[in-house]
Amino acid sequence: MSLHLGTLYFVQLTTFSLLTLAVLLMGLRYPQERALRHWGVGGILASVSMLLIALRAVLPAWLSVDVANIILFVALGLTWSGALALEQRQVPWRLLGVLVALASGVLLAISSAPAYFELRAALYSATYILFNLLTLQVFANSAHRQRLGYRLLCSLILLLLLGQVARITLAMHDSQGALASSPHFAMANFGLIMLEFAKILAFIFVCFESLEIRLYQLAMRDPLTGLYNRRAFHDRAKTQLAANRDIPLALLVMDLDHFKRVNDVYGHLAGDDVLAHLGRLLRNQLAPFDALYARSGGEEFVVLLSGHAANHATLIAENLRLALASQPIQSSDGQRLQQTCSIGVSRGTSGDCDLRQLMMEADMALYQAKEQGRNRVCAAGQDMPHNTAS
C-alpha cells in the first residue's frame, strides 16, 4: 500500500495545528511564559499559511502563494523572538519587522519570474535559515546551554538547517517547473515538518525545564530578603565543606536585637523593611569575600566564610554590626528606625569540623553576646566580646 502525500500533508497540518494551539494555550495559562506565546502564535500562523498553500488549487495566487509565504516569514520571526523571550532578553521588534519586510519584498519582486516556484522555495529556505541561525545563536550563548532541553533544541535546529540547505540545492538544480511535481521534494518537506514537530515539543520541554528551575530557586530563597533560606544554606554549606579540604572556615550567626519590639511598636511592615534592609546590607558588605549567607529564620541570619575571609571573620562581623547600627532605616511608611544586632562567631577547618559543630559553637557565642548586653560580636572560645557598642 503506497502513501498518499496529500493525506500525509493533511494529517501533518492537523497535528501541527493542534500542537501549536496547545502551546499557545499554555502560554496564555501561564503569563510568565512569554516564549510559549511567541511560539504558539508563530505555530498558528504557520498552520494558517500551510492551509492556504494546500488550497492553492481553489484560491487566487496572491492569497495562496504571496500572502501565505509572508505569513510564514512572520512565523519564522516569532521563532527568534520566542527564544529571546525565554532568555528574558528584549525583542528587537524593529529589526524583526525589517527582516520580514525584506523577505516579503523579494518574494513580490520575483513573482513574475519564469522559475517562480523554485525561486520561492529557495527564498523561504534562506529566510528560514536566517531566523533559525539567530535562534540558534540565542540558545548557544545562553547561560543554560548545558541543559538537556537547550542541547536538544540546538541539535534539532542544526538538523533543520541542513534540511533547508538541501531544499535550496534541490530548488536551484531542478529544471524549471519540475520541482513542484517532484516526489523527492515533497518527501523532503514531509521530513522537515516532522522535525518541526520535534522542535515544538523541545520548545515545550525547555519552557517547563526553566519553570522547574525557577520553582526550585523560589523554594531555596527567602521571599522577603531574596537571600537563601535555611534549607538552601545547609545544602550549599555541606556541599562546600565536602568539596574543599583543609581550608579555614568561619560561621557567623546574627540576631537582630529586640526585633519583637520593632514589630510591636512600629508594625510588621516596618519589621519587614528592617529584614529587607539587612539582606541588602549583607549583599553589599560581603560582596568582596568568599561568603555564603542566608536568612535562617525569623530575625536570624547566618554567614559562612571560607579561605582568606575566614581568617578575618571577627573583623568582618564587627563591620557588619557597625554598618547596621550606624545607618537609620527608612521604613516604607516614612518612619526612621535604629536597629542593632548581636553576632556569634565560630571557626574551624574543613575536614576537621562539620556544619553542625560550627553552628553550635556560633550559637553559644551569640548567646554570650546577648548575655553581655547585645549589639556586639563574640567569638567562640573567647571570654570577653571582641567589640562592645559604644
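These legends describe close-up views of a predicted model.

**View 1. Strands E2 and E3 form a hairpin.** Strand E2 covers residues 291-297. Strand E3 covers residues 300-306. The two pair in the antiparallel sense over 6 bridges. Gly297 has Glu300 in E3 as its bridge partner. Between the strands lie 2 residues. Gly298, in the turn, has a positive phi of about 55°. E2 is mostly covered, with 5 of its 7 residues buried.

**View 2. Helix H9 has a buried face.** Phe259, Val262 and Asn263 are the buried residues of H9 (residues 259-266). Seen down the helix axis, they fall within an arc of 95°, so they line one face. They pack against strand E1 (248-256), helix H10 (268-286) and strand E5 (336-337). On the other side, Lys260, Arg261, Asp264 and Val265 are exposed. Gly267 follows H9 and has a positive phi, near 105°.

**View 3. Lys260 and Asp264 form a salt bridge.** Their closest N and O atoms are 2.9 Å apart. The two residues are 4 apart in H9, which means about one helical turn separates them. Both Lys260 and Asp264 are exposed.

**View 4. Arg321 and Glu318 meet in a salt bridge.** The N to O distance is 2.6 Å. These residues are 3 apart in helix H12 (residues 313-326), so about one helical turn separates them. Both Arg321 and Glu318 are buried.

**View 5. Asp255 and Lys370 link distant parts of the chain.** Their salt bridge has its closest N and O atoms 3.0 Å apart. Asp255 sits in strand E1, Lys370 in helix H13 (residues 355-371), 115 residues apart. Asp255 counts as buried, at 9% relative accessibility. Lys370 is partly exposed, at 26%.

Notes. Residues are numbered from 1 along each chain as its sequence is written. This is a predicted model: local features need pLDDT of at least 70, side-chain atom pairs count only at pLDDT 80 or more; totals for chains, interfaces and linings use all residues. Side-chain values use heavy atoms; hydrogens and water are left out. Buried means under 20% relative accessible area, exposed over 50%, partly exposed in between (1.4 Å probe, protein chains only). Two strands pair if DSSP finds at least two bridges between them. The arc is that of the directions from the helix axis to the C-beta atoms. Contact means heavy atoms within 4.5 Å. A salt bridge is a side-chain nitrogen of Lys or Arg within 4 Å of a carboxyl oxygen of Asp or Glu.
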